[in-house]
Amino acid sequence: YTITVALKKAEETMNLKKDWKPKNEIQRRFLKNFLKVCREDNIDEIELEVSDKAEKINTFLEKKGFSIRLQPFPANTLGFASILDLIVEWLCLGEKIKIDAKNGGKYDGVRIKKEGVSFFESTIRGYRNIIACIRTRSGDSMQKIGDMVFITVPKEPFEGLGLDLIEMADAISKNMDILSDTYDGVRFPMVYLDITNDIEWLKDMSTTNARDVPADIIQAVQQIKIKMNEKGARFQSATAMAMTLKCINIPKQDLIIREPFLVWVERHNLEKPLMAAFITEESWKNPGSL
């Protein structure tokens with residue numbers, strides 16, 4: 001969503017048309033499956049910064065705790081940064097435990113009892129997934145249900161691209177059936193993730209403004225941060241991009257003197273022109289040598 005919000009802000013600020021032109025298959029997937037269907041969604045937790053200076057964008061990112069940076073902008077370029085910062089608290093607080101991982105390691109983890117979690121199954125393309133849905137509370141109210149955090153170990157292999165992850169989660173979520181009295185709770189490792197996400201695939205995606213001047217994405221960076229412990233979770237995402245309006249090179253015209261003209265000479269220490277003349281057609285002749 002931080003990508004979508006940044007692009008929408010670019011459209012608004014630069015008066016861009018919404019008919020983006022993809023340069024590759026990933027961009028086509030993004031435009032069709034994400035931007036088109038998500039552009040009407042509003043997320044209060046996303047903050048925006050817009051500037052024609054990369055330094056201002058980078059300062060905004062730094063103040064919010066992100067390390068990604070944009071390179072200095074060329075002319076006719078605007079930068080956009082969007083940051084999601086979502087903190088949730090488990091409806092039923094968990095307890096600290098140890099997780100014995102399949103790799104043989106032992107990790108700090110969390111156990112949440114069944115009162116705070118629901119369980120589902122979802123079969124996608126022949127792969128059966130078991131999903132834990134951890135309930136969170138909204139604000140200070142213990143009664144008001146907030147966002148839901150889903151955890152599953154995906155059975156279907158994937159390439160690891162961000163779009164693949166979102167599409168997999170969406171497919172699993174839309175095909176879930178509830179599991180009753182199957183599990184007594186959920187245990188999962190605590191998490192502290194901080195990665196720079198590869199969104200170079202956005203570069204060169206283009207559109208035009210109201211005057212049909214082309215606009216291209218020339219930079220795109222993203223950082224993802226996730227923390228999960230026995231109390232809750234914090235999800236942070238920052239996307240920064242730069243978009244350039246391509247100047248249309250209109251050939252400059254010559255100034256053509258077609259009528260009698262005035263010519264004069266000035267010198268810095270003289271109060272008046274050293275000389276001046278009004279030259280009519282009668283004097284438009286080749287002088288030969290000077």
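A: One term to begin with: helices (H or I, at least four residues) and strands (E, at least two) are DSSP runs, numbered from the N terminus. Axes are lines fitted to C-alpha atoms, for helices over the stretch in contact, and angles run from 0 to 180 degrees between N-to-C directions. This is a predicted model, where local features need pLDDT of at least 70, side-chain atom pairs count only at pLDDT 80 or more, and totals for chains, interfaces and linings use all residues. Residues are numbered from 1 along each chain as its sequence is written, and side-chain values use heavy atoms, without hydrogens and water.

Q: At what angle do α2 and α4 pack?

A: About 35 degrees, with the axes of α2 (residues 25-38) and α4 (residues 162-173) 11 Å apart.

Q: Which residues make the contact?

A: With contact meaning heavy atoms within 4.5 Å, α2 supplies Ile-26, Arg-29, Phe-30, Asn-33 and Phe-34, and α4 supplies Leu-163, Asp-164, Ile-166 and Glu-167.

Q: Which residues of α4 are buried?

A: Taking buried as under 20% relative accessible area (1.4 Å probe, protein chains only), they are Leu-163, Asp-164, Met-168, Ala-171 and Ile-172. They cover an arc of only 160 degrees around the axis, so they lie on the same side of α4; the arc is that of the directions from the helix axis to the C-beta atoms.

Q: Now α1. What do its buried residues pack against?

A: Against α2, β1 (46-51), β2 (77-90), β12 (214-228) and β13 (232-245). Among those buried residues are Thr-2, Glu-11 and Met-14.

Q: What follows α1?

A: Asn-15, with a positive phi near 55 degrees.

Conventions:
Buried < 20%, exposed > 50% of the residue type's maximum accessible area, 1.4 Å probe, protein only.
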